[in-house]
Amino acid sequence: MSRLRKFLTLPHSDRGCLIEAGIWLGIARLAILVLPFRWLARGFGQQMARSPEEAGATSAELLDHISWAVATASRRLPWDCLCLAQAMAGKAMLKRRGVPSTLYLGLAKDGEAQLQAHAWLRCGERILTGQQGMAGFTVIATFAEDEK
């Protein structure tokens, strides 16, 4: 009950952002489970494209808010919200607000020569999701909004 009480004491904007993040995380998780990756990738944007490294008019507060909401919701949901789902959710939230971002996919080998994958999301200079551990991964693909 304390989680519900804590949630209800949050400002309205925080509650809305958490709910939105939870919905996008659910959609992302379901999509990852049922769709082939090539179909998923179509929704990420143009392959091997990158958004600008300057955030432009995007406020740091908005980026902090979305990063916080995705991280918080992913820890509280009853299903696994791994790095790809988090990056997809953050990208969807930014796209809904008209903010360009880049989703990165990386690969690395662990000590036993097993491949490991990781995804992270960048907006401007900021890494919004997946920052932990990303340094050990080699970027194999990037996805950014289509230039219109």
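**Exercise 1. Determine whether Glu20 is buried or exposed, and identify its salt-bridge partners.**

Step 1. Glu20 has a relative accessibility of 12% and therefore counts as buried. The term buried means under 20% relative accessible area, exposed means over 50%, and partly exposed lies in between (1.4 Å probe, protein chains only). The model is a predicted one, in which local features need pLDDT of at least 70 and side-chain atom pairs count only at pLDDT 80 or more, while totals for chains, interfaces and linings use all residues. Residues are numbered from 1 along each chain as its sequence is written, and side-chain values use heavy atoms, with hydrogens and water left out.

Step 2. Side chains of opposite charge can pair when their charged atoms come close. A salt bridge is a side-chain nitrogen of Lys or Arg within 4 Å of a carboxyl oxygen of Asp or Glu. Glu20 forms one with Arg96, where the closest N and O atoms are 2.8 Å apart. This pair links distant parts of the chain, since Arg96 belongs to helix α5 and Glu20 to helix α2, 76 residues apart. Helices (H or I, at least four residues) and strands (E, at least two) are DSSP runs, numbered from the N terminus.

Step 3. Glu20 also meets Arg97 in a salt bridge of 2.7 Å, N to O. Arg97 lies in the loop between α5 and β2 (102–109), 77 residues from Glu20.

Step 4. The two arginines are then classified. Arg96 is exposed, at 55% relative accessible area, whereas Arg97 is partly exposed, at 31%.

**Exercise 2. State which elements are joined by the salt bridge between Arg126 and Asp64.**

Step 1. The side chains of Arg126 and Asp64 meet at 2.6 Å, N to O. Arg126 lies in strand β4 and Asp64 in helix α4, so the pair ties together parts that are 62 residues apart in sequence.

Step 2. Arg126 is partly exposed at 29% relative accessibility, and Asp64 is partly exposed at 40%.

Step 3. To complete the account of Exercise 1, salt bridges that share partners join Glu20, Arg96 and Arg97 into one network. The structure holds four salt bridges.

**Exercise 3. Describe the span of helix α4 and what covers its buried residues.**

Step 1. Helix α4 has 17 residues and reaches 24 Å from its first C-alpha to its last, close to the 24 Å expected at 1.5 Å a residue. The expected span is 1.5 Å times one less than the number of residues.

Step 2. The buried residues of α4 include Leu63, Ile66, Val70 and Ala73.

Step 3. Their cover includes α2, α5 (83–96), β3 (115–123) and β4 (126–129). Contact here means heavy atoms within 4.5 Å.

**Exercise 4. How many disulfides does the structure have, and what is the nearest cysteine sulfur to that of Cys81?**

Step 1. A disulfide is a covalent bond between the sulfur atoms of two cysteines. The criterion is a pair of cysteine sulfur atoms within 2.5 Å, and a search of the whole structure finds zero.

Step 2. For Cys81, the nearest cysteine sulfur is that of Cys83, 11 Å away. Cys81 is buried, with a relative accessible area of 8%.

Step 3. Cys123 is likewise in no disulfide, and the nearest cysteine sulfur, that of Cys17, is 13 Å away. Cys123 is buried at 2% relative accessibility.
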